[in-house]
Amino acid sequence: MFEPLIHAIPVAFSLQSIVAMLVGLVAGLVVGALPGLTVSMGIAVLIPLTFGMSPTAALGLMAGMYNGGSYGGAITAILLRIPGTPASVATTLDGYPMTQRGEAAYALQVAVVSGTIGSVLSALALILFAPPLTKVSLLFGPAEYFWVAMFGMATVSVLLGDDMVKGIFAAAFGLLLGAVGQDTLTGTERMTFDVLELVDGLNIIVLLTGLFAIPPVLNMAEEAARQGMPAHLLALKRSRSVFGEWRRYLTIWMRSSVIGIIIGILPGAGGSMTSLVAYNDAKRRSDDPDSYGKGNPEGIAASECGNGADNAAAMVPALTLGIPGSGVAAIILGGLLVHGMRPGPQLFRDNPDVVYGFMLQMLTTAALLSVFGGLLATRLFGQALRLPPILLAPLILCITVVGVYSVNNSLVDLWFMLGVGLVGYTFDKLDIPTAPLVLGLLLGPIAESQFRLALTVSMGNPGILVSSVTSILLICGTLLVLATPLLQKRKVTTTER
Amino acid sequence: MIDRRQMLQGVAGTAALLPFGATAQTAYPAKPIQMLVAFGAGGGTDIAARSIARFMEKHLGGGAQIGVVNKPGAGGEVGWTALAQSPNDGYTIGFINAPAILAMTVEKQPRFSLDSYEPLGNLVLDAAILAVTGDSPYKTLKDFIEAAKTGSAPITVGTTGAAGNSEHIALMSLSRLTGAKINHAPFGGTAPMRQALLGKHIPAGTIGLSEGIAEMKEGSLRILGVMATGRQKIAPDIPTFREQGVDLVSGSSRGIVAPKGIPADIAAKLRAAVKAAVSDPEYVSATEKASIPLHYLDGPDYAAFLKKAHADMQAIWTATPWK
């Protein structure tokens, strides 16, 4: 297996490819950092530009953009509490409180180092285990996906915040929003009010951008008279470094990477869910779970590492089976097709240079992320904090509006964004957490449709839900997550005695 | 010949849209042409649009520019409504997918009909196939139908759309024609259906031929038949349903249209550009490499094809409504 890898090196690192990787990485950072603009959109726009390039250079560009974009989302999440991409929602939870404490530089460093580690491990998994990992993704049918969604839903408990009733209310509201749209099993439209744009359900990017970008803008408007952050307080020079404290993060990085890789290779589940699950896992295992959500850098490490680990792993089923593990992977597949390459086992035989070259490029761009994301982007974007709110708020609003419009080229989406933004603002004022809402919105539709699909396939026999080892393992995992608070409580009482 | 009124309309329209010194003499195209795609960026139709656009630019000449604009939503309805309502000045063209668009006009009242569009040329016709896993007990279509007729339970077949998609309609026709009992499972997307089929979570599924051909060559899927009028160039070994005694034709086409009433000379230019683009050797070799089932139909043939498909769809809806 190492022979094709060595053969791929000169192809993957030709001058054209290196330039393409760098351009992709920088473009990815920018696209990722702009709320509303996503990596999928960036790559889709790039594909026609790659027609004239060699396939490896085109893939280098996409690899760079993929890895760059996945970190870019963390920058605004930390500095402004606006996740640049849906995957960085969990990063806002601890990233923004750290910025408020004047630890923005440290938070960004944790994010970039964790993201790099996740992406590099994920790329290594892709290179070493792509064919065997494919078998794992084939184990998942409708019943197993239903349990994946239930497992994710169980993790809501740690996102609830201090007031459980408010947290559950937010999660239920998310489930309700997720129910909007056409029911794929019967074709019936639900809560669409004859609005054509609602037939596919509420667009997740539009919704998340509204939910997370509008409230900070309104908050800034409230404080419009305030001055920008003075340069001496910005403190982009870090007081401490993640490299000195690597022991603290090591287990989080390892666990989050494994979580990211596993969820990544499951088609359809990945992306936004990965970082939330990794965050939950870290919080659950922490000695001091209450510090999460109040500016604990471990939360950033878990979220960003899981997010990064999702990237290359999502390409495993895409390259080996032609089944994309994420939206971005789906678009990269489209790019491969344009260059006359059909994903699947034959790809490894017919174009080994291209496949292994792409894997090496995923690895390289992941590693380069630490340089570009850490040194350049952080310093550059950090300056945004120095703008007075009266300038920053309209700027963010403009960028958000352009980004959200470009999702579907639809004005209706802008109204949805505004409406959801006002809901988010109200939630903020009432101290209702928004993270459970996201989880309900993401997982509700998966749980519902897969449950019904499973029962359709089994012709009504519920036995299908527990018919595979994978399902039973997922059920055990879900029960464990649900039982953790109880077990912890008992532990506390025993120690007190 | 264009009559004077139409020409005046065209001039007025162009002048209104081009306030900066456009005159009646300006050769078409005087500004970028918008190509609407009713599906998201990176999907099959989007890729088809972005690849043909380059070659159409080349053959329109005069530095023509075509910009692909995605308007996804509601299974194409959002984009197709926008296309039908666009100005018919030749600066907006777009892709429609039959039979999906036809099913819409039959089962509900969208804000467009087949008459809202001027066909410019069809590009792709991807015939539907019935596929089972490589180790399936069903070796031929006959085995499958026999088992579905005599078995105690129906056979589950996955499709890639929502209820009422063209594959669902094809399966209903299959049941009607042969008496096979089929349990339909709509997966709402190609990727999840293929995964469930390859992972043996379902025994059979329907997809486009171009989407299953690689797996067939690998041996992980067996294609029982292709729902086409004749054998397909990209897979000549696969028998049609007709050859196996079931008169079933189904598949998904992608073609280029303009809003109805565009000036005749502009329509002629666009038709010629589509024709020249699909016969461009560079384009042909690119589609062959990607196993895209190219099926060019010129304007009138495409119009006839759409009309017949619409009549068929209407007949199926009357006999067995799917919603």
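Tutor: Helices, of at least four residues, and strands, of at least two, are DSSP runs numbered from the N terminus. The model before us is predicted.

Student: Then between which two elements of chain A is Phe193(A) found?

Tutor: Phe193(A) has a positive phi of about 50 degrees, although it is not a glycine. With 7 C-beta neighbours inside 10 Å, Phe193(A) counts as exposed, because the cut-off for an exposed residue is 12 or fewer. The loop that holds Phe193(A) runs between β2 (189-190) and α10 (204-222) of chain A.

Student: Is Met459(A) buried or exposed?

Tutor: Met459(A) is also not a glycine, and its phi is positive, near 55 degrees. Met459(A) is found in the loop between α20 (435-457) and α21 (469-496) of chain A. Its C-beta neighbours inside 10 Å number 12, so Met459(A) counts as exposed.

Student: How many helices and strands does chain A have?

Tutor: Of the 497 residues of chain A, 59% count as buried. Among its contacts between residues at least 6 apart in sequence, 79% join residues at least 24 apart. The secondary structure of chain A comes to 21 helices and two strands.

Student: What radius of gyration does chain B have?

Tutor: Chain B has 11 helices and 10 strands. For its 323 residues the globule rule gives 20 Å, and the value for chain B is close to that, so the chain is as compact as a globular protein of that length. The radius of gyration is 21 Å.

Student: What share of chain B is buried?

Tutor: The C-alpha atoms of chain B fill a box of roughly 75 × 40 × 30 Å along the principal axes. Of the contacts in chain B with a separation of 6 or more, 76% are between residues 24 or more positions apart. Buried residues make up 53% of the 323 residues.

Student: What distance separates the centres of the two domains of chain B?

Tutor: Chain B is divided into domain 1 (4-125 + 252-319) and domain 2 (126-226). Taken over C-alpha atoms, the centres of domain 1 and domain 2 of chain B are separated by 31 Å.

Student: Which element gives the largest share of the side of domain 1 of chain B that touches domain 2 of chain B?

Tutor: The contact takes 11 residues from domain 1 of chain B and 10 residues from domain 2 of chain B. On the side of domain 1, the elements that give two or more residues are α4 (100-107) and β4 (117-133) of chain B. By class, that side has eight nonpolar, two polar and one charged residues. Its largest share, three residues, comes from α4(B).

Student: In which loop of chain B does Pro99(B) lie?

Tutor: A cis peptide bond joins Ala98(B) and Pro99(B), with omega about 10 degrees. Pro99(B) lies in the loop between β3 (92-98) and α4 of chain B.

Student: And in which loop is Pro29(B) found?

Tutor: Tyr28(B) and Pro29(B) are joined by a cis peptide bond, with omega about -10 degrees. Pro29(B) is found in the loop between α1 (4-17) and β1 of chain B.

Student: Which residues form the uncovered face of β2(B)?

Tutor: Strand β1 (residues 33-37) of chain B pairs with β2(B) in the parallel sense over five bridges, and Leu36(B) stands opposite Val69(B) in β2(B). In a regular strand the side chains alternate between the two faces of the sheet. The covered face of β2(B) holds Ile66(B), Val68(B) and Asn70(B), and the uncovered one holds Gly67(B) and Val69(B).

Student: Which element gives the most to the side of chain B that touches chain A?

Tutor: In this contact, 43 residues of chain B meet 44 residues of chain A. Elements giving two or more residues to the chain B side include β2 (66-70), α3 (77-84) and α7 of chain B. By class, this side has 20 nonpolar, 13 polar and 10 charged residues. With six residues, the element that gives the most is α7(B).

Student: How many residues of helix α7 of chain B are buried?

Tutor: Helix α7 of chain B covers residues 190-198, and its buried residues include Thr190(B), Met193(B), Arg194(B) and Leu198(B). The helix is followed by Lys200(B), whose phi is positive, near 65 degrees. Helix α7 of chain B is largely enclosed by the rest of the structure, because its buried residues number nine of the nine.

Methods
Residues are numbered from 1 along each chain as its sequence is written. Chains are lettered from A and ligands numbered from 1 in the order in which they are written. This is a predicted model: local features need pLDDT of at least 70, side-chain atom pairs count only at pLDDT 80 or more; totals for chains, interfaces and linings use all residues. The radius of gyration is taken over C-alpha atoms; the globule rule is 2.2 Å times the number of residues to the power 0.38. A residue is buried if 20 or more other C-beta atoms lie within 10 Å of its own, exposed if 12 or fewer, and partly exposed in between; C-beta atoms are placed from the backbone. Two residues are in contact if their C-beta atoms, placed from the backbone, lie within 7 Å. Ala, Val, Leu, Ile, Met, Phe, Trp, Tyr, Cys and Pro count as nonpolar, Asp, Glu, Lys and Arg as charged, and the others, Gly among them, as polar. Domain bounds come from an automatic or database domain assignment. Two strands pair if DSSP finds at least two bridges between them.
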